[in-house]
Amino acid sequence: MPTKTPARSPRASFTVDREQLSNGLRVVVLPDRSSPVVSVAVYYDVGMRSEPEGRTGFAHLFEHLMFQGSANLAKTEHFTYVQGSGGVLNGSTHVDYTNYFEVLPSNAAELALFLEADRMRSVALTEENLDNQVAVVQNEIRVNVQNRPYGGFPWLSMPPLLFESFANSHDGYGSFVDLEAATLDDAQSFFDSYYAPGNAVLTVAGDVDTDQVMRWVNEQFGDIPGREVAPLPSFAEPPLTAERWGVVDDRLAPAPAVAMAWRVPDPADLPSYLPFVVLAEVLTDGDASRLQERLLLKDRIATSVGGYLGIMGDPLDARDPTPMMVEVHHASEVPVRTVVDTVDSELSRLAQDGCDEDEVARTVARMTARYLRDVDPVLGRGTHAAVFEQQRGRPELLNELPVLLAEVTAEQVAAAASTLGLDNRAVLELRPAGDA
Amino acid sequence: MTRLVPQLAKAKAFKVPTVTETALDNGLRVLVLRRPGVPLVELRLRIPFAAPSGKRGRAHVARVALLSDTMLLGTERRDAPTLARDLQSLGATLSVGADADRLGFGGSVLSGGLGGLLELLAELLTAASYPKREVRGERERLVQELAIHRSSAGVVAREALLARMYGNHPYAHDLPESDDVDAVTASQLRSLHTARVIPAGSVITLVGDITPARGAALVAEALRGWTATGDVAVTPAVPEQEGRRALLLDRPGAVQTTVRLGGAAPSRTADDYAATTLANLVFGGYFSSRWVSNIREDKGYTYSPHSGIDHPAAGSRLFAGADVATDVTAPALLETLYELGRMATVPVEQDELDRARQYALGTMALSTASQAGLAGQVSQLAGSGLELG
C-alpha cells in the first residue's frame with residue numbers, strides 16, 4: 001500500500017515588514033499575535049572568518065564580552081533584566097556572523113530593544129571582565145572540545161585540511177595562547193570596526209504591532225551614530241585539484257570516524273546552491289536515504305551517517321566558500337578505506353544513474369516540514385529572517401524557501417552529485433587512542 | 001547620557017489552551033489541541049513501560065532500548081526502507097524512545113498527511129515484526145553507541161550518581177549495559193511488544209493545524225484496531241535518598257573535573273513544590289542565579305553550571321552539575337557547598353524571589369508558544385496524570 005504525498009503544497013505565509021534607519025541599521029518585523037511572546041535578535045555581520053591573525057577565537061570571546069556591561073548597564077544586568085521579565089537569552093558565534101537574541105513575554109518587547117540598543121551604543125570593557133571571560137571561554141573549550149570524545153570533529157579539524165587562507169582554515173574557538181593575549185584595545189577596535197549599526201540586522205517576531213515596534217526602535221537605536229562599515233572581503237579560494245587526506249588522533253574516542261568534504265557553489269547563488277542542499281538530504285536523511293540505507297542497513301559498516309552543508313551544519317547561514325560534509329562513525333574492525341570507497345560508489349551511482357523525481361519529492365517534503373517546524377517558534381522565525389536579510393537582502397525568503405525547494409529537480413541533484421569527485425575533496429580520519 | 005530602562009507593559013494573562021479529550025473503546029486517551037500557524041501537526045504517544053527492580057530491571061532496560069531502536073525496522077507489510085520512504089513522502093518524522101517509565105513516540109507531519117502517519121503508527125503498534133537480521137545489526141550498533149556514550153565524562157559521572165541514588169531500582173540505569181544488550185533476542189522483543197505495547201493507560205496527543213473533531217476521528221479510525229490487552233505496569237517505589245560522602249572517579253589526564261550532585265525533590269503535587277521550584281532557580285536553575293554568578297561570572301571556574309528538577313513517575317529529583325577546570329576543583333566544590341548552605345540558612349532577597357517567579361511564569365508561556373512545545377507539555381502532563389489547567 002503506497003502512501004501518497006499530501007496534495008496540498010505546504011506554504012509559510014508570515015507578514016514580513018522591513019525598514020532601515022538612517023544610521024544603517026536594517027530592521028525586519030514579523031508580527032504574529034497568536035501567542036503572547038516575542039523574539040528579538042540582532043545579527044552582526046562578523047564571524048570567525050574576520051578575526052585577525054594572532055587572535056584566533058576573538059569573535060567568540062568578544063561575544064561573551066557583549067554580555068558584561070554596556071552604556072547604561074552593569075555586569076549581570078543584561079541577564080537579570082531579561083530573565084527577571086520571564087525571558088530567555090543567548091548569543092552565538094558562527095563562521096560568518098555573531099548573533100544575540102532574547103525570547104520574552106511580549107510585554108517585555110520594549111525592554112529587549114533597549115537592552116540590545118544599549119550594547120550596540122557602546123560596550124563596557126574592563127580588565128577584570130576580560131580576564132573572567134577568557135577563563136570562562138577556556139572552560140567552554142575544555143567541556144566542548146578537549147574533554148569530550150569527538151570534540152570539535154569535524155567542524156574545527158576539517159577547515160585546516162580543506163582551506164588555505166587564515167580566514168577560512170583557523171581554529172575559530174581559539175588557541176589558549178591567543179585568547180590570553182587578547183587586550184581591551186583589541187576589543188574596542190573590534191567593536192568599532194564590526195559592531196556599527198550599518199553592519200547589523202535587527203528582527204522582532206511575535207506578538208507586536210509593526211508601527212509600535214518601529215517607534216520603539218527609533219527611540220532606542222535611532223540616535224546611535226552611524227559609522228562607516230568596510231565592505232565584506234571575499235574569502236574565496238581556488239578549488240582543490242588533488243585529494244587531501246588528513247588524520248586526527250582522539251585519545252578519548254572509543255571508535256574511529258571519518259569526514260569527507262567538498263566545496264560547493266557560492267550560497268549567494270541560490271539556484272545553483274539549493275540542489276546541493278537537497279543532495280545532502282537525499283544522501284543522509286533517514287533509513288530511505290542513499291548512504292544510510294547502504295552503510296547502516298545493507299552493508300552494516302557504520303554506526304551513524306550524517307551529511308550537511310556548512311562548517312557548522314546549517315546550510316542556510318553560510319557564505320562562500322563553504323563545504324558539503326559527510327560524516328561516518330564506524331567500528332575499528334571496518335577499515336576506513338571501505339567506508340570511503342562505499343560512499344564514493346554511492347555518489348557515482350547517483351551521478352551516473354540519476355535519481356527519480358519521487359525520491360527528490362519525498363526528500364523535499366520532509367525538508368519542507370522540518371523547515372516549517374523550525375520557523376514555527378518566534379525565535380526560529382526571527383533568526384531565519386535575520387540571516388536572509390543579512391546575507392541576501394531578502395527576508396521574504398522566509399516564505400519563499402518551500403517554493404524554491406520544490407523547484408529543485410532530480411537532474412539538478414544528480415548533476416550536483418557528479419561534482420563530488422575523488423580529486424577535489426578532503427578526507428579526515430579520526431583515530432581513537434587504541435588505534436595509535 | 002543616562003537612558004532609563006523601559007518599564008514592563010502590563011503582562012497578558014496566561015491563557016490555558018483548550019484540550020479536547022476523548023477515549024477509544026480500547027482504553028486509549030486521545031488529546032487534541034488546535035494550534036494553527038504552520039501547516040503541521042505534532043504527535044506524541046506515551047505508553048506505560050515501567051521496569052521492575054533488580055536484575056530483571058537491568059534486563060528490561062536493555063530490551064526496551066533495543067525495542068525502541070528496532071521498532072521502525074520492519075512490519076509484517078513493510079521493510080525498513082519502505083517505512084522510511086513512506087514517512088518521508090508524508091513530510092513526516094517519527095521516532096521512538098524509552099526511559100524507565102514509558103515508551104514514547106514523537107512525530108510531526110505536514111497536516112495533509114496526518115491520516116497517513118496515523119496508519120503507519122497503527123501498523124507499528126500492531127504488526128512491528130522485529131526481523132532477526134535487523135535486530136542483530138541494531139544490537140551491534142547499540143553496543144558501539146553505548147561505548148561512545150560512556151567515553152563522555154558527563155555520562156560516566158551521571159551513571160555513578162544514579163547508581164548511588166537508586167541502587168537496585170531501575171532508575172539507576174539511564175543506559176543499558178552492553179552485555180545485557182548482547183543477550184537480547186528478536187523473539188524476546190516480540191514477546192515484550194505483545195505484553196506491553198497496549199492502549200490501556202496510553203495517551204496520544206495531537207497539536208497543530210487540525211480541528212479536535214477531525215483529529216479525534218482520524219485517531220479513532222486508525223487506532224481502533226489496536227486491541228492488545230495486558231497489565232499496566234507501575235514503576236516500583238524509589239529507595240530513600242541518603243546523604244553520602246563524595247564519590248571520586250579518576251579519569252587520568254582529564255582537563256576538567258565533572259561534578260554532579262543529586263537528591264530527592266518534592267513532586268509536582270506536593271505543598272512545597274512551587275517553593276522548591278523557585279529555590280532551585282535562585283540557587284542554580286538559571287543564569288541569574290547565585291551559583292552561576294559565583295563560580296562562572298565571578299571566578300571563571302566553569303562554563304556551564306546548572307541545577308534542575310525533573311519528575312519521573314516514582315519520585316521527583318534535583319540534579320546539579322558543573323564541569324570545572326581541574327586545578328580549581330577544590331575551590332569550586334567549596335563555593336558550591338557554600339551556596340547550598342546559604343540557601344538553607346539565609347532568607348532569599350525579595351528581588352531574587354521576584355525575578356525567579358517572573359522567570360518561572362514567563363518561560364511557561366514561552367514553552368507553550370509553538371506547536372512542538374505545546375505538544376510536549378500537554379503530553380508530559382497528561383502522562384503524569386495532571387491537567388494543563
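Mentor: Start with burial: buried means under 20% relative accessible area, exposed over 50% and partly exposed in between, using a 1.4 Å probe and protein chains only. Helices (H or I, at least four residues) and strands (E, at least two) are DSSP runs, numbered from the N terminus. This is a predicted model, in which local features need pLDDT of at least 70, side-chain atom pairs count only at pLDDT 80 or more, and totals for chains, interfaces and linings use all residues. Residues are numbered from 1 along each chain as its sequence is written, chains are lettered from A and ligands numbered from 1 in the order written, and side-chain values use heavy atoms, without hydrogens and water.

Trainee: How many residues of H1(A) are buried?

Mentor: 8 of the 8, so H1(A) is largely enclosed by the rest of the structure. Charged Glu63(A) is among the buried residues, as are His60(A) and His64(A).

Trainee: What do the buried residues of H1(A) pack against?

Mentor: Contact means heavy atoms within 4.5 Å. In chain A the partners are strands E4 (88–93) and E5 (98–105), and helices H4, H7 (176–181) and H8.

Trainee: At what angle do the axes of H1 and H8 of chain A cross?

Mentor: Axes are lines fitted to C-alpha atoms, for helices over the stretch in contact, and angles run from 0 to 180 degrees between N-to-C directions. Under 35 degrees counts as roughly parallel, over 145 as roughly antiparallel, 65 to 115 as roughly perpendicular and the rest as oblique. H1 (residues 58–65) and H8 (residues 184–194) of chain A cross at roughly 90 degrees, their axes coming within 11 Å. H1(A) and H8(A) are therefore roughly perpendicular. Phe58(A), Ala59(A), Phe62(A) and Leu65(A) meet Asp186(A), Ala187(A), Phe190(A) and Phe191(A).

Trainee: Which residues have the most contacts inside the largest nonpolar core?

Mentor: In soluble globular proteins, nonpolar side chains tend to be buried together. A nonpolar core is a set of buried Ala, Val, Leu, Ile, Met, Phe, Trp, Tyr and Cys residues joined through side-chain atoms within 4.5 Å. The largest here has 66 residues, and Val278(A), Leu295(A) and Val328(A) are among those with the most contacts inside it. Helix H10 (residues 270–284) of chain A gives the most, 10 residues. Another core, of 55 residues, lies apart and includes Val40(A) and Leu89(A).

Trainee: Where are the cis peptide bonds?

Mentor: Most residues other than glycine have a negative phi, and most peptide bonds are trans. One cis bond joins Phe153(A) and Pro154(A), with omega about -5 degrees. Another joins Asp320(A) and Pro321(A), with omega about -10 degrees. Tyr150(A) has a positive phi of about 60 degrees. Both Tyr150(A) and Pro154(A) lie in the loop between H4 and H5 of chain A.

Trainee: Is Tyr150(A) buried or exposed?

Mentor: Buried, with a relative accessible area of 11%. Thr76(A), whose phi is near 75 degrees, counts as partly exposed at 30%.

Trainee: Where does pLDDT stay under 50 in chain A?

Mentor: pLDDT is the predictor's confidence in each residue, from 0 to 100. Where it is low, the predicted coordinates should not be read in detail. It stays under 50 over residues 1–8 of chain A. Chain A averages 95, and 97% of the residues score at least 70.
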